[in-house]
Amino acid sequence: MLSVVRFTFALVLLGWLISAQAFEAFVIDDLRVEGLERISEGTVYNSFPVQAGDLFDEPLSEKAISTLYKSGYFHNIQVGRDGNSLIIAVKERPAIKEIVFDGNSDIETEPLLDSLKDVGFFKGGVFNRSILEKVEQELQRQYFSRGKYSVDIDSTITEEKDNRVTVKIEVSEGVVARIRQINIVGNKVYDDEVLLKSFQLSTPNLWSFYTKRDQYSKQKLAADLESLRSYYQDRGHIKFNVDSTQVSISADKKDIYVTVNITEGDRYTVKEVRLSGDLKFPAETLFPDVKINAGEVFSRKDATRTIDHISKRLGSQGFAFANINMMPEVDDEAKEVTLTFIADPGKRVYVRRINFAGNTKTRDVVLRQEMRQMEGGWFSNQKVERSRTRLQRLGYFEEVNVETPAVPGTNDQVDVNMSVTEQPSASISAGIGYSQTSGVLLNANLTQENFLGTGKHVSLAINNSAVNRVYSFNYTNPYYTVDNVSRGFGLYYRSTDAEEANITNYTTDSYGGNLTYGFPINEFDTIRFGLEADHLKLKLQDNASSEVKKFVAENGKVFNNFGLTASWSHDTRNRRLFPTDGGLHQISGEFKLPGSDLEYYRINLREQQYIPLTRDFILSLKGSLNSGDGYHNLHKLPFFENYYAGGVRSVRGYDDNTLGPKDDRNDPIGAGFRFLTSAEILFPPPFVEKSNALRFGLFVDAGNVFTSANAFDVDDLKMSAGLSAIWMSPVGPFAVSLAKTLNDKPEDDTRLFQFTIGVPF
């Protein structure tokens, strides 16, 4: 009791001294803390900038109290003196016993609680009302970003025993405010309907529940205003201006009205285009990079494209930091503009070192084989980007990032840092699929795309269906030489029951092997040569067609063949799976060498082109031309090597393999010439987030099989149109189509719905 009296007296005395501005300093012999409940003395001493032996005066007192308050643990602090002992009397802030949310259906509780930890508001933490106010403001902001402007947030603090509190936050979310009107004022050349097509924001429509474009966002409005500016300036309105914007909300906070005031300005044409500065190239060689020409309506987009093209041209020659400026000279009377592009290439930049990070499995040498930018050479942005693309196309990495930091202490050197995130390149899978033609498909695969980190491909596969039973082994080394010459070989056994595939009745047993070399000619072109040998045995049923029996009578049932294969491909696709740009042009041939039991050849031409129409819609154009024939003593292609058409992988809407010539039993027997073509609009699924595993399409197919090239007739092409979908499922590609045949005949076998799972597509 005596100590309490003495402490109280000391506090009163200290208050009188401060009010009289006559603080009596003293040297501290000892420090004591009173009033602690949960906080340890060590925590206070660590936050208190005073220790025994210090001279305690008025400035130090103010600093000490201020420092303790900033720790956030206390809401009341007093200091006093007992002799030469400094007494620190504190009142702790209460601890948060529980945080309870009520009424928050739009934002889940768990993510909310996790986000509150970042601001120091969590169960077991120190309660601070100022932080609670910030929490309420942030919660309100989150609801505003969701378009709920009528949200009401009310917090209740309930005191519990042991200096703890329960915080209950009640949320009345209200309804989402909708944009009822977007009004553009000042437009004379273009009407509102045309201009609003470029806006992300819109008034409610049938798809608003999914797109949420009718929910106001300040960021979206800013983007829309920039789109509006681009729309006008891309059409010659150089002096277009957004004068003001007004956003108002109804009294019930349910409706939002947006008004944009603009000045269109006059339309200007380009009088002249000039190139100036240190171009590093003859001006005439750079003019193909100029995308805006004299006499055309001025376009900011084309002017920007010109700057990008000239920058890339200079960047490809080592001028990595080239700066291109456009200087317009505007003639208001003539409504013309003269454009001068001034080049400042800066110093030529060299690559000091190429570094790789993240490739814990893949060896550096594999990555370096794909690099088109060389150490010690000029820095080329095109080569660096191409290197990144080649690494992505390997299939070993989920993500590839590039950084080009300057070398410290230099102004003409950079390092190229390639950072990769590896993904599993080995797979062991067993699955069951189904095809309307092949029936149940049983498969097992052991595949290593990046064997021991060397980039080599090794696979062992077993596939079984009503049509085919296949066992195969394949090995490919894409880096057989330092020049990226590839070498591969394969072994296989295949048993085929043709009748199960809707074609003429026969079965085959075959086995063989091959050896292949690939030679890159340039960045996009590759030629391949191979040797193959196979053994094939035919088996006929009593009900085999006369065409099949005649072939066996003339040539026998057992064949040993040796062949040469060759191909050339030009591949500019940006991805192997679901490409969105570029194309594939390929010609390949198979030639059975003289001395084989069957002497024939097959030549195949394949074309693919992908043209981006918008960000999400891609035009896919495909075509193939296949031709084969026998030579020497064989007068036509063996029937079991014939081409077929119809089905999901050729002309959709017709049964698999049913198009083309028939045998005397009216079963498809195929022929030596096939023509296929397809045009398709590809797009992502409309009601899910961006997916790299699912794609839809609207297609038109055409094709057929003919006895020879001379028999080809456009009028005989079978056509269909419909909707398609491809899903890269865990068991393999799942392809479906809903097709309507356009010129079928009564004898044609058609099918509206077709699908296949777990087989190549």
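Author: Let us start with a pocket. Helix 13 (546-555) and strand 28 each supply at least two residues of the lining of the second largest pocket. Keep in mind that this is a predicted model.

Reader: Which element gives the largest share of that lining?

Author: Helix 13 does, with five residues. In total, 25 residues line the second largest pocket. Those nearest its centre are His635, Lys636, Leu637, Phe639 and Asn642. The space inside comes to about 570 Å³.

Reader: How do the residues of this lining divide into nonpolar, polar and charged?

Author: Nine are nonpolar, 11 are polar and five are charged. Lys636 sits in this lining. Lys counts as charged. Leu637 and Phe639 line the pocket too, and Leu and Phe count as nonpolar.

Reader: What makes Lys539 and Asp509 a salt bridge?

Author: The test is a Lys or Arg side-chain nitrogen within 4 Å of a carboxyl oxygen of Asp or Glu. For Lys539 and Asp509, the N to O distance is 2.8 Å. That is within the limit, so the pair is called a salt bridge. In general, side chains of opposite charge can pair when their charged atoms come close.

Reader: Where do Lys539 and Asp509 lie, and how many residues apart are the parts they tie together?

Author: Lys539 is in strand 24 (residues 525-539), and Asp509 is in strand 23 (residues 507-520). The parts tied together are 30 residues apart in sequence.

Reader: Which residue forms a salt bridge with Glu532?

Author: Lys592 does, and the closest N and O atoms are 3.1 Å apart. Lys592 lies in strand 26 and Glu532 in strand 24, so the pair ties together parts 60 residues apart in sequence.

Reader: Why is Lys592 called buried?

Author: Its relative accessible area is 2%. The cut-off is under 20%, so Lys592 is buried. Glu532 has 21%, so it counts as partly exposed.

Reader: What is the distance between the closest N and O atoms of Asp534 and Lys592?

Author: The distance is 3.0 Å, and the two form a salt bridge. Asp534 is in strand 24 and Lys592 is in strand 26, 58 residues apart. Both Asp534 and Lys592 are buried.

Reader: Which residues are linked in a network of salt bridges?

Author: The network links Glu532, Asp534, Glu590, Lys592, Arg602 and Glu641. The whole structure holds 31 salt bridges.

Reader: Which residues form the nonpolar patch on the surface?

Author: Ile521, Trp568, Ile587, Ile603, Leu605 and Leu625 form it. Together they have about 490 Å² of accessible area.

Reader: What is the phi of Asn657?

Author: It is about 65°, also positive, and Asn657 is not a glycine. Asn657 lies in the loop between strand 28 (618-630) and strand 29 (673-683).

Reader: How do you know that Tyr396 is buried?

Author: Its relative accessibility is 5%. That is under 20%, so Tyr396 is buried. Tyr396 lies in the loop between helix 12 (381-393) and strand 16 (397-403).

Reader: Why is Glu284 called exposed?

Author: Glu284 has a relative accessible area of 58%. The cut-off is over 50%, so Glu284 is exposed. Glu284 lies in helix 9 (residues 283-286).

Key. Residues are numbered from 1 along each chain as its sequence is written. This is a predicted model: local features need pLDDT of at least 70, side-chain atom pairs count only at pLDDT 80 or more; totals for chains, interfaces and linings use all residues. Side-chain values use heavy atoms; hydrogens and water are left out. Helices (H or I, at least four residues) and strands (E, at least two) are DSSP runs, numbered from the N terminus. On a 1 Å grid over the protein atoms alone, a cavity is a set of points where a 1.4 Å probe fits but cannot get out, and a pocket is an open set with protein on both sides within 12 Å along at least five of seven lines; lining residues have an atom within 4 Å of a point. Grid points are joined across faces, edges and corners, and a volume is the space filled by probe spheres set on the points. Patches are made of residues with over 30% relative accessible area and no salt bridge: like charges are joined within 9 Å, nonpolar side chains (Val, Leu, Ile, Met, Phe, Trp, Tyr) within 5 Å. Accessible areas come from the Shrake-Rupley method with a 1.4 Å probe; for residues, only the protein chains shown count as cover. Buried means under 20% relative accessible area, exposed over 50%, partly exposed in between (1.4 Å probe, protein chains only).
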